[in-house]
Amino acid sequence: MSFTRRNLLILAAAIGIAAGPTAALAEGVLNVGSYPNNPPFEFKGESGAFEGFEVDIVTEAAKRVGMTVDIQGLDFQPLFAATSSGRIDVAISSITITKERLGSQSFTQPYYDADMGVAATTAGAIKGLADLKGKVVGVLSGSTGDKWAKENQAAQGFGEIKGYNTQQEVLLDLAAGRVDGVVSDVPGMEYAFTKMKGLAVVERIKTGEQYGLMMTKDHPLLGKINDALTAMKKDGALGAIHKKWFGTDAPAGSS
């Protein structure tokens with residue numbers, strides 16, 4: 001192989017790599033990353049395909065802009081690096097819109113309002129936030145529950161904060177008594193407790209949290225996806241998705 005030909009091949013490969021994200025968009029595929037065990041927001045069904053409230057939202061929004069979705073499973077923390085690097089276009093996993101996250105990510109308008117809460121065993125001594133003084137608190141690493149627990153550790157007197165890679169791991173440790181309480185988003189925990197008996201949300205923490213689709217900073221499709229969400233709210237599609245997964249109408253005035 002000649003020097004000139006080798007360099008041309010290298011240049012062609014580099015152009016192909018650089019054009020990767022654009023090519024994916026041109027092919028009409030929205031690359032989505034999702035934490036795979038966060039029901040009813042997202043989870044893998046018996047077929048191995050992703051299902052859930054946010055899966056239906058991103059699929060419908062993509063459809064309205066003429067695209068399909070390709071969803072890959074990632075742990076919660078790696079989702080942020082994946083959007084930042086452009087490996088994925090969108091991340092779903094009940095991700096709260098925060099001022100700090102908006103510094104490095106883009107978010108669509110919110111579509112779900114949520115509070116955090118304290119979970120504990122129903123037969124144990126933890127009946128609320130005040131009972132966690134000097135106790136071990138479990139959190140999902142990188143979540144807003146993790147952030148809140150660390151910011152309030154001194155004020156609440158938490159003895160230790162233990163971070164976990166998955167929601168299932170932290171709740172299993174709660175059931176086993178390896179942590180005394182868990183601070184996390186209420187909807188996901190309440191759904192988990194329909195299957196995990198002996199655990200309950202014992203106190204809600206009002207935070208004003210709202211979930212949105214997290215996208216690569218200044219993603220070219222942000223405006224179109226936002227328009228699709230607006231249309232879904234107006235024509236009732238978003239409300240229908242909410243009722244499908246939560247069994248109730250969305251609260252009046254909610255996002």
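The legends below describe several close-up views of a predicted model.

**View 1. Overall content and confidence of the predicted model.** The protein has 255 residues, of which 45% are buried, and its secondary structure comes to 10 helices and 13 strands. When contacts between residues at least 6 apart in sequence are considered, 72% of them join residues at least 24 apart. The mean pLDDT is 89, and 90% of the residues reach 70 or more; over residues 1-24, however, pLDDT stays under 50, and for this segment the model has 4 contacts beyond four places in sequence.

View 2. Thr108 is placed in the loop that runs between strand S7 (105-107) and strand S8 (112-121). Its relative accessible area is 4%, and because this is under the 20% limit, Thr108 counts as buried. The side chain of Thr108 reaches the backbone nitrogen of Leu213 at 3.0 Å. Leaving out residues up to four places away in sequence, Thr108 touches Ile97, Gly212, Leu213, Met215, Leu222, Ile225, Asn226 and Leu229.

**View 3. Lys217 in the loop between strand S13 and helix H9.** Lys217 is found in the loop between strand S13 (214-216) and helix H9 (222-234). With a relative accessible area of 37%, which lies between the limits of 20% and 50%, Lys217 is therefore classed as partly exposed. A polar atom of the Lys217 side chain lies 3.5 Å from the backbone oxygen of Gln105, and Gln105 is also one of the residues that Lys217 touches, together with Leu102, Gly103, Ser104 and Ser106, when residues up to four places away in sequence are not counted. Lys217 and Ser84 are 133 residues apart in sequence, yet their C-alpha atoms are 6.9 Å apart in space.

View 4. Strand S3 (residues 42-44) pairs with S4 in the antiparallel sense over 2 bridges, and Lys44 has Phe50 in S4 as its bridge partner. In general, the strands of a sheet pair through backbone hydrogen bonds, in either a parallel or an antiparallel sense.

**View 5. The largest nonpolar core and the contacts of Tyr111.** The largest nonpolar core holds 31 residues, among which Leu30, Phe53, Ile57, Val90, Tyr111, Leu213 and Met232 touch the most other members. At least two residues of this core come from each of strand S1 (29-34), helix H3 (53-64), strand S6 (90-92), S8, H9 and helix H10 (237-246), and H3 gives the most, with 6 residues. Leaving aside neighbours within four places in sequence, Tyr111 is in contact with Phe53, Glu54, Ile57, Tyr211, Gly212, Leu213, Leu238 and Ser255. A second, separate core of 14 residues includes Val118, Ile126, Ile161 and Ile205. In soluble globular proteins, nonpolar side chains tend to be buried together.

Terms used: Residues are numbered from 1 along each chain as its sequence is written. This is a predicted model: local features need pLDDT of at least 70, side-chain atom pairs count only at pLDDT 80 or more; totals for chains, interfaces and linings use all residues. Side-chain values use heavy atoms; hydrogens and water are left out. Helices (H or I, at least four residues) and strands (E, at least two) are DSSP runs, numbered from the N terminus. Buried means under 20% relative accessible area, exposed over 50%, partly exposed in between (1.4 Å probe, protein chains only). A polar contact is a pair of N or O atoms within 3.5 Å; within protein, one must be able to donate a hydrogen and the other to accept it, and residues adjacent in sequence count only if both atoms are side-chain atoms. Contact means heavy atoms within 4.5 Å. Two strands pair if DSSP finds at least two bridges between them. A nonpolar core is a set of buried Ala, Val, Leu, Ile, Met, Phe, Trp, Tyr and Cys residues joined through side-chain atoms within 4.5 Å. pLDDT is the predictor's confidence in each residue, from 0 to 100.
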